[in-house]
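Here are some friendly notes to read beside the model. Please keep the structure open and find each residue as you go.

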Amino acid sequence: MSKLEFDFESYSKIKDGSELTKDVAYQLASNFRYTSDRLFQTAVELRNKHKGNIVSFSKKAFFNIVNLCRDTCDYCTYKAEPHDAKLSLMNKQNVKDLARLAKKYKCTEALFVTGESPEQKYQEAKDWLKLNGFTSTGEYLANCSEIVLNEGIFPHTNAGNLTKEEMKILRETNMSMGLMLENSSKRLRGKGMPHHDAPSKEPATRISILENAGELKIPMTTGILVGIGETIYEVIDSIYAIKDIHKKFGNIQEIILQNFHPKKYTSMQEHKTPEMSYFKSIVALCRIIMPDMNIQIPPNLSHKNYHEFLSVGINDWGGISPITDDYVNPEFSWPQIKNVERKCMTQNFKLKARFPIYPEFVPAVSKELRDRMSLIADEENYVREDYWK
Ligand code: SF4
């Protein structure tokens with residue numbers, strides 16, 4: 001496609017509700033140099049149309065439940081080995097204590113993160129589970145979810161490839177869950193590629209788990225990691241793969257677009273982070289492909305200029321913690337929430353705290369969870385401002 005073929009008329013058709021086909025998305029992406037300004041403008045108009053001037057975040061505490069992991073991704077420094085100083089094995093008391101601290105700081109989300117099925121590889125993980133009275137990480141997470149819920153914090157579990165049965169149990173206490181697709185390309189599992197030693201990152205497996213969640217009507221957070229050796233076409237395929245799941249089940253509550261950062265002592269340490277202009281074009285394209293989707297950019301991963309993503313169509317900052325690190329990216333601290341609010345206000349946006357679930361998905365959760373939420377929710381099902389501030 002030449003720069004003239006996708007013309008003003010085509011952009012206005014998109015703004016009026018026409019779907020962007022994958023072929024046209026490919027063509028736009030191969031001409032980002034010419035198309036990005038118009039993409040940004042269209043993305044902003046679509047965000048304004050579907051999300052207004054509200055930008056949300058979730059006030060959270062990161063519960064690093066267990067960071068032993070069966071898999072190895074070439075970019076990961078979250079995963080620990082049993083003798084590492086960074087090993088985390090939270091017991092029930094640790095979970096309760098952090099939930100109480102989170103409550104004191106008026107957090108509403110307990111983000112539970114684990115490595116992939118640690119008990120399948122490590123005796124230390126089996127022993128830790130046994131000590132806590134369980135045989136699988138999934139069972140233990142269900143118990144931890146009850147603990148934090150009883151302390152007034154809402155769990156959101158991000159524990160890799162859970163079974164359908166595990167998700168069914170966790171649904172009773174988790175209003176939403178998370179599983180990054182990362183990318184739908186099988187190529188990234190090949191030899192020399194970042195997911196070669198990570199069978200849990202097999203795209204078909206991840207897609208089937210997101211679909212299982214769809215069958216269980218669980219609102220899911222998913223997303224794409226941009227810059228790990230994929231092509232722009234594979235990024236686009238991944239966005240459409242998520243769109244297809246959402247079309248089928250209506251259960252994808254948000255897409256996180258995460259820009260890769262190389263980490264020391266990993267095999268990808270020399271790999272570059274994606275160029276800002278390229279990454280912004282992807283964000284805008286994602287908004288155009290899925291105009292009413294919630295699109296999240298983690299602000300700590302673009303700490304100097306995260307506010308610029310408001311100009312390419314995002315409407316969410318994800319979880320921000322006033323009390324814990326981002327243990328997946330500990331080198332990037334969270335911005336202060338009041339600074340995020342100020343940056344939003346400068347661009348005429350209103351920052352609102354959401355629960356681990358977006359307001360439009362609230363009807364999908366149990367009455368018990370809705371009753372608990374209602375104690376601190378405003379009339380639009382965001383967290384009441386006088387609660388979180
Ligand atoms: S990214 Fe997740 S699955 Fe991959 S090695 Fe790290 S903890 Fe394991």
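The numbered points below go from the whole protein to single residues.

1. **Ground rules.** Residues are numbered from 1 along each chain, as its sequence is written. The model is predicted, so local features need pLDDT of at least 70 and side-chain atom pairs count only at pLDDT 80 or more, while totals for chains, interfaces and linings use all residues.

2. **Overall build.** The protein has 13 helices and 9 strands; these are DSSP runs numbered from the N terminus, with helices being H or I of at least four residues and strands being E of at least two. Its radius of gyration is 20 Å, close to the 21 Å that the globule rule gives for 389 residues, so the protein is as compact as a globular protein of that length. (That radius is taken over C-alpha atoms, and the rule is 2.2 Å times the number of residues to the power 0.38.) Along its principal axes, the C-alpha trace spans about 65 × 50 × 40 Å.

3. Buried residues make up 45% of the 389 residues. A residue is buried if 20 or more other C-beta atoms lie within 10 Å of its own, exposed if 12 or fewer, and partly exposed in between, with C-beta atoms placed from the backbone. Two residues are in contact if their C-beta atoms, placed from the backbone, lie within 7 Å. Of the contacts with a separation of 6 or more, 75% come from residues 24 or more positions apart.

4. In soluble globular proteins, nonpolar side chains tend to be buried together. Here the largest nonpolar core has 98 residues, and F63, A110, F112, L257, V283, L285 and C286 have the most contacts inside it. Helix 10 (residues 276–289) gives the most to this core, with 8 residues. (Such a core is a set of buried Ala, Val, Leu, Ile, Met, Phe, Trp, Tyr and Cys residues joined through C-beta atoms within 7 Å.) Leaving aside neighbours within four places in sequence, V283 touches residues including L257, I295 and F309.

5. **Helix 8.** (The expected span is 1.5 Å times one less than the number of residues.) The buried residues of helix 8 are P203, R206, I209, L210, N212 and A213. Their cover includes helix 7 (164–170), strand 4 (176–178), strand 5 (220–226) and helix 9 (232–249). After helix 8 comes K217, whose phi is positive, near 60 degrees.

6. **Two buried residues.** I239 is found in helix 9, and I239 counts as buried because it has 23 C-beta neighbours inside 10 Å. Leaving aside neighbours within four places in sequence, I239 is in contact with I224, C286 and I289. I239 and I289 are 50 residues apart in sequence and 7.8 Å apart in space, C-alpha to C-alpha. N64 lies in strand 1 (residues 54–66) and, with 24 C-beta neighbours inside 10 Å, counts as buried.

7. **An exposed residue.** Where is E380 placed? E380 sits in the loop between helix 12 (367–374) and helix 13 (385–388). With 11 C-beta neighbours inside 10 Å, E380 counts as exposed.
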